[in-house]
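The entries follow the order in which I looked things up.

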Amino acid sequence: MDLRFTEAEIAFRDEVRAFFKTALPEGLRRKMQEGRHPSKEDLVQWTRILNARGWAVPHWAPEWGGTGWSPVQQYIFQDELQQAPAPQMLAFGTSMVGPVIIQFGSEEQKKRFLPRIANLDDWWCQGFSEPGSGSDLASLKTTAKREGDEWVINGQKTWTTLAQHADWIFCLCRTDSTVKKQEGISFILVDMKTPGITVRPIQTIDGGHEVNEVFFDDVRVPYGNLVGQEGKGWDYAKFLLGNERTGIARIGASKERLRRVRELAAVQHDGGEPLIRNRRFMEKLTAVEVELKALEMTQLRVVAAESRRQKGKPDPASSILKIKGSELQQATTELLLEVIGPYGMPYQPETPDGWNEPTIGPEASGSIAPAYFNYRKVSIYGGSNEIQKNIIAKAILGL
Amino acid sequence: MDFDLSEEQRLLQDSVERLIADEYGFEQRKALGRAEHGYSAAMWAKFAELGFLGLPFAEDHGGFGGGPVETMILMEAFGRGLVLEPYLATVVMGGGFIRHGGSEAQKAALIPEIAAGNLTLAFAHTERQSRYDLNAVETTAKRDGDGWVLNGEKGVVLHGDSAGKLFVSARIAGGPRDRGGIGLFLVDGDATGLTRRGYPTQDGLRAAEVSLAGVRVAADAVFGEDALPLIERVVGEAIAALSAEAVGAMAALHALTIDYLKTRKQFGVPIGSFQVLQHRGAEMFIALEQARSMAMLATMMAAADDADERCRAIAGAKIQIGRSARFIGQQAVQLHGGIGMTMEYAAGHYFKRLTMIDLMFGDADHHLERLADAGGLMGD
Ligand SMILES: Cc1cc2nc3c(=O)[nH]c(=O)nc-3n(C[C@H](O)[C@H](O)[C@H](O)COP(=O)(O)OP(=O)(O)OC[C@H]3O[C@@H](n4cnc5c(N)ncnc54)[C@H](O)[C@@H]3O)c2cc1C
Ligand SMILES: Cc1cc2nc3c(=O)[nH]c(=O)nc-3n(C[C@H](O)[C@H](O)[C@H](O)COP(=O)(O)OP(=O)(O)OC[C@H]3O[C@@H](n4cnc5c(N)ncnc54)[C@H](O)[C@@H]3O)c2cc1C
């Protein structure tokens, strides 16, 4: 056992860190530090900067633009990215549909879609959840019927993140209702410009617009948009969600947020002195730091074991990463709100870039309460924490 | 020992609960909130008509002689309805300063106006550096002939954008954190030198940043030249009232959640059949009842003469309310899944209001620290 990175890994970390320092646009860095949302343009620009360096999809197979880095290098890259702090690549393309296409797609699909995902030429969204099918995803009702060389899709998806920007959506559709519910599902790619698709925004409690309802009314797409085999969509979805869970702990982002907590606590006063010198506050902050360190060690253990595991089979321990990772993201947003105190109250919608309305209260305080509200989502999506605990109880504890 | 309401109090409860049930549904509230000041003038007039606005004032002054229990009854119902009108700012706080700190002349001039619904008030106290410390006042008041001149900046003044008059705390003497030397003044909303920048708060209420540049007030605007004990007393009453409001919001949110567990189906069964969710619902219920108990303690102690005993009970209530509200708010969203995250559903609005209540007059940790410093709740 040795906790230290090897010299080669340290050199790699320094290289990545130096690159982020110069390549990440300053305005975008500030936006990320202040907890504001990167725009579509920000994300496209940043993805292309990374792609030009060959780092937009480091975890993909090298023949499709990946790097061939070891799991430890992948981990270092993600950690540095989140602490830069830089936006994460759009997960729907790079971490969800991309790996599914690489693993199960046709040669033609690979050639057509993968380079455009890596360069964010196509913005993807995820059409899994439906109003009646959240945790019980396999009960989904949206149908795709084969007519000649086309699929005809009818139904509704919901909670579709950033569908308002999307060029493509990958959907789970029911293609056979005569078999067991998991066996009648197929994985189909749909161009968002196809007639019959309607996107309706859903406003979240923080006032933001990141999720949508997506309606399908006789939407016709080529039969060839099916990924892999008919009826195997559920297996591909499980493969995809397993990938999603390992990336979901967001430890680097929590570290970065704790840095901001410390910065703000140094200038916010309580009882006549900086909050950071308040014993009770420091104990609370320290307790979160201890949990975060423990989770980082757990993550590293999962990473180290990854190279020995069968490819494509996620570790059930990744559920620990999802549960604790989401709890700690929430704990850090809670700490920020506690630090800002009464100035968490004003509602100040995010202004477009270049807008000069002076903030009410301390600099950048406007995003703090909304982030606290918004981050309640992280224990709901990607398989809720209750569902993750069911997985641990079944798959690990044998209950 | 008696936890029961009197006959009159039950009538008051019926009348306010009926009003909230009939006229303060979630969709109706949205419409009310779109009015100019973020609340409805017509609803405010109805409050006057029903006697809510004169409730805590002595009958001699044109009020109805209600006490903390009557305030609790109203505030709990307001919590259920997520009421937007400035009752806390005007009647509980502004009214509190007048009842405890006003001269006979001030009472005679102001109380009938409040009771009739003609005058709304706000309390401009918090400053950038003060956070939750009531003694941290840097706004100044300087004598000017018979009157005073005020200078300084106040922040997050609840309903400060629309209030007809504002109670402003300002330092007459002493250092920035001294307990002594804090004056309390009543300033007209349209006084020369007073500017306010209004904005919505996270929970859909309104507040303002208020700046005072050479604002002149007359001698009859003074509500105390050593007013910190008065401020502490009134803030204590406000905390008791807010606790009741929080209990109303928690009770409504809990009921909404339990109802959802019974109706939402996944895996072919109501999600309420999963034991983990049953237990979560039970834990929320326990948190709610613990909060209710402490809100009652705060209510019954709010008028106690022993300041030390009163302050400890109030701090204890704010701690329990903060903790219960956080747990119930977060879990309500969690148990609703995606729908709990949306603006078009009530759960998130209760969650936000409860979160903001924690940030008012000191959060749970603030009071925990003060109470621990004072030797705890049970020590002497
Ligand atoms: C902000 C946000 C973004 C999202 N983005 C996307 C997206 O881009 N694409 C997409 O397809 N989906 C997306 N989702 C949907 C997300 O995956 C679902 O919300 C999630 O699966 C939960 O489903 P639900 O909301 O229907 O809640 P439900 O499944 O109805 O769950 C309600 C409650 O019941 C609990 N529960 C359910 N079943 C059980 C059980 N068996 N045992 C114990 N407890 C249980 C849950 O944990 C939860 O607390 C997003 C959701 C949110 C909030
Ligand atoms: C100090 C002591 C004194 C006692 N005195 C008396 C006495 O004077 N007279 C007497 O008759 N008995 C007495 N008992 C027995 C006591 O009532 C039992 O221990 C108790 O009923 C639990 O039963 P058990 O020990 O068989 O545990 P089990 O019932 O086997 O429970 C084991 C665990 O499973 C949990 N569990 C069980 N069923 C469920 C469920 N449906 N859902 C969720 N969780 C569940 C329990 O909460 C517990 O954590 C005493 C026990 C102790 C420890």
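Entry one, a charged pair in chain A. I looked up Glu150(A) and found that it forms a salt bridge with Arg220(A), with the closest N and O atoms 3.0 Å apart; the term stands for a side-chain nitrogen of Lys or Arg within 4 Å of a carboxyl oxygen of Asp or Glu. Because Glu150(A) belongs to strand β3 (residues 150-157) of chain A and Arg220(A) to strand β7 (residues 211-222) of chain A, the pair ties together parts that are 70 residues apart in sequence. I note that strands (E, at least two residues) and helices (H or I, at least four) are DSSP runs, numbered from the N terminus. Glu150(A) is partly exposed at 27% relative accessibility, and Arg220(A) is partly exposed at 39%; here buried means under 20% relative accessible area, exposed over 50%, and partly exposed in between (1.4 Å probe, protein chains only).

A note on what I am reading. This is a predicted model, in which local features need pLDDT of at least 70 and side-chain atom pairs count only at pLDDT 80 or more, while totals for chains, interfaces and linings use all residues. Residues are numbered from 1 along each chain as its sequence is written, chains are lettered from A and ligands numbered from 1 in the order in which they are written, and side-chain values use heavy atoms, with hydrogens and water left out.

Entry two, further pairs. I next found Arg262(A) in a salt bridge with Glu289(A), again with the closest N and O atoms 3.0 Å apart. This pair links distant parts of the chain, since Arg262(A) is in helix α8 (residues 251-267) of chain A and Glu289(A) in helix α9 (residues 279-306) of chain A, 27 residues apart. Arg99(B) lies in helix α5 (residues 87-101) of chain B and Glu237(B) in helix α7 (residues 228-263) of chain B, 138 residues apart. Arg99(B) is partly exposed, with a relative accessible area of 27%, whereas Glu237(B) is buried at 11%. How many salt bridges are there over all chains? I noted a count of 53.

Most residues other than glycine have a negative phi, and most peptide bonds are trans. I therefore wrote down Ala364(A), which is buried with a relative accessible area of 13%, and whose phi is near 65°, a positive value in a residue other than glycine. Ala364(A) sits in the loop between α10 (318-340) and α11 (368-374) of chain A. Val156(B), in strand β3 (residues 147-158) of chain B, also has a positive phi, of about 45°, although it is not a glycine. The peptide bond from Ala84(A) to Pro85(A) is cis, with omega near -15°, and I place Pro85(A) in the loop between α4 (71-83) and α5 (91-104) of chain A.

Entry four, surface charge. Which residues form a negative surface patch? I listed Glu8(B), Glu59(B), Asp60(B) and Glu104(B); a patch is made of residues with over 30% relative accessible area and no salt bridge, like charges being joined within 9 Å and nonpolar side chains (Val, Leu, Ile, Met, Phe, Trp, Tyr) within 5 Å. Glu59(B) is in the loop between α3 (41-49) and α4 (68-81) of chain B, and counts as exposed at 60% relative accessibility.

Terms used: Accessible areas come from the Shrake-Rupley method with a 1.4 Å probe; for residues, only the protein chains shown count as cover. Lys and Arg count as positive and Asp and Glu as negative; His and the chain ends are not counted. The place of a charge is taken as NZ of Lys, CZ of Arg, CG of Asp or CD of Glu.
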